[in-house]
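Thanks for making the time this morning.

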Amino acid sequence: MTGSVRLCGVVSQMTRRRRILVLLICCMSLLIVSLDNTIVNVALPSLGHDLHAPVSGLQWTVDAYTLTLASLLMLAGSTADRVGRRRTFQTGLVIFTAGSLLCSLAPSLGWLVAARIVQAVGGSMLNPVAMSIITNTFTDRRERAQAIGVWGGVVGVSMALGPVVGGLLTDTVSWRAIFWINVPIGLLALFLTWRFVPESKAPSARRIDPVGQVLVIVLLGTLTYGIIEGRAAGPAVSAVCFVVAAAALAALVVFELRRPEPLIDMRFFRSAPFSGAAVMAVSGFAGLGAFLFLNTLYLQSHRGLSALAAGLCTLPVAATTTIVGPLSGRLVGTRGPRVPLIVAGVCLAAAGALLSQVTLTTPLPLLLGIYLVFGIGFGMLNPPITNTAVSGMPLAQAGVAAAVASTSRQVGQSLGVAIAGSMASSAAAYRVNALYGLIVLVVALLTTGRWARATAERTAARLAEGPQVTLSRG
């Protein structure tokens with residue numbers, strides 16, 4: 001079977017073997033970027049000890065990466081459509097690999113956080129661009145669905161491998177080794193991309209929105225800084241940060257409503273399923289970020305487990321997420337997103353409530369059982385988010401809607417780490433995790449019914465009418 005991909009306006013036939021190779025190359029990029037979301041957490045105690053980092057420093061080690069990633073995902077996607085997907089992808093690989101090398105050489109916490117930002121700048125050019133490459137490479141609907149299924153499975157693999165590989169490298173070599181492994185993988189992916197991935201561009205790329213981009217960075221940066229540094233800097237500094245964040249949010253909404261090709265089309269939020277997906281993505285991934293951050297400190301710093309043993313303890317989460325994720329996807333396809341989202345909300349809330357009661361003497365099998373419940377909840381949550389976000393959207397807008405959902409995931413993970421580290425105790429933080437689960441449950445009930453579908457249909461009709469500025473002037 002053959003397929004076609006557009007090479008800067010020229011259609012070139014690709015064999016099935018070539019298309020599979022392109023998929024594997026794209027999956028390599030997803031693996032290293034996703035690994036960095038999990039592999040670093042298990043090394044935090046060792047990293048903190050070597051670099052004399054306080055808890056807030058450990059929070060920034062995680063959040064500098066996820067926040068930068070969240071801020072630049074939309075920009076990277078539109079840039080790739082305009083200048084070329086392969087070119088942007090290769091640039092991302094170079095920057096991510098260089099950032100990983102800088103992380104491994106960081107002499108202090110400040111340098112490490114700066115290098116993590118460099119990493120994330122490169123990472124923002126990989127995953128959304130790789131998905132565009134896959135979409136343009138696999139033109140047959142069935143092949144494309146299979147390719148995206150493989151792509152999604154890599155996330156589960158990274159969740160399973162990250163804590164275990166990170167723990168093994170930290171125990172046997174050093175925390176710096178968790179960044180070394182990105183270098184050969186990144187260089188290999190760079191060569192294979194140059195050799196086998198064709199160039200492609202969008203027929204009509206969206207214009208870059210620099211003002212919207214700056215406002216997003218200011219919003220996320222000041223909000224996270226106010227949460228993480230609030231206790232140390234004092235209430236006055238926190239208040240200023242929150243005021244600036246609120247002002248940036250208001251300015252973003254006003255500006256984006258007036259722009260013909262905005263970074264974020266605010267009309268999307270008139271769709272209840274889309275708005276619900278964004279809220280559930282932020283809440284669910286806030287729970288994941290808090291869980292990974294707190295779990296590492298609890299197992300290593302309080303229970304005295306090695307980094308490898310702590311990584312192995314997270315396998316129930318990774319295993320259930322990998323198994324339950326495809327099941328959730330099938331449920332979405334046959335019965336819609338409502339059932340898996342309700343199960344996700346209940347399990348995440350239950351896991352948070354149970355973890356808030358955990359002590360230093362809690363039997364390990366009971367602890368792993370709670371982790372299993374959390375894994376079921378998170379596995380059920382992830383697949384319906386994108387489906388709910390794009391529900392009823394015109395095909396031309398589905399990619400942008402999915403990108404907003406991906407950005408919401410990264411924002412949630414950043415805020416989860418920031419809020420968890422700022423709480424007075426881990427028990428209080430896990431009670432907040434239970435609240436995240438309840439938010440998912442309530443929002444799922446509100447945004448997956450008949451009324452919600454009607455708002456999605458009306459929004460799709462408005463989007464199909466033309467550019468945003470036409471509507472705002474009408």
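Let me start with burial: a residue is called buried when its relative accessible area is under 20%, exposed when it is over 50%, and partly exposed in between, with a 1.4 Å probe and protein chains only as cover. By that rule histidine 52 is exposed, because its relative accessible area is 71%.

Before going on, two remarks about where the values come from. This is a predicted model, in which local features need pLDDT of at least 70 and side-chain atom pairs count only at pLDDT 80 or more, while totals for chains, interfaces and linings use all residues. Residues are numbered from 1 along each chain as its sequence is written, and side-chain values use heavy atoms, with hydrogens and water left out.

To stay with histidine 52 for a moment, this residue sits in the loop between helix 2 (44–51) and helix 3, where helices are DSSP runs of H or I with at least four residues, strands are runs of E with at least two, and both are numbered from the N terminus. Its phi is near 55 degrees, a positive value in a residue other than glycine. As background, most residues other than glycine have a negative phi.

Stepping back to the protein chain, its secondary structure comes to 21 helices and two strands, and buried residues make up 55% of its 474 residues. Among contacts (heavy atoms within 4.5 Å) between residues at least 6 apart in sequence, 84% join residues at least 24 apart.

Now to the aromatic residues. Rings of Phe, Tyr and Trp (its six-membered ring) pair if their centres lie within 6.5 Å, and planes under 30 degrees apart count as stacked, over 60 as edge-to-face and the rest as tilted. The structure holds eight such pairs. One of them joins tryptophan 175 and phenylalanine 179, edge-to-face, at 6.4 Å centre to centre with 90 degrees between the planes; tryptophan 175 is buried at 1% relative accessible area, and phenylalanine 179 is buried at 0%.

Phenylalanine 291 and tyrosine 371 have ring centres 5.2 Å apart and planes at 90 degrees, so this pair is edge-to-face too. The pair links distant parts of the chain, 80 residues apart, with phenylalanine 291 in helix 13 (residues 272–302) and tyrosine 371 in helix 17 (residues 364–389). Phenylalanine 291 is buried at 0%, and tyrosine 371 is buried at 2%. Separately, Phe268, Phe269 and Phe274 form one aromatic cluster.

I will end with valine 244, which lies in helix 12 and is partly exposed, with a relative accessible area of 33%.
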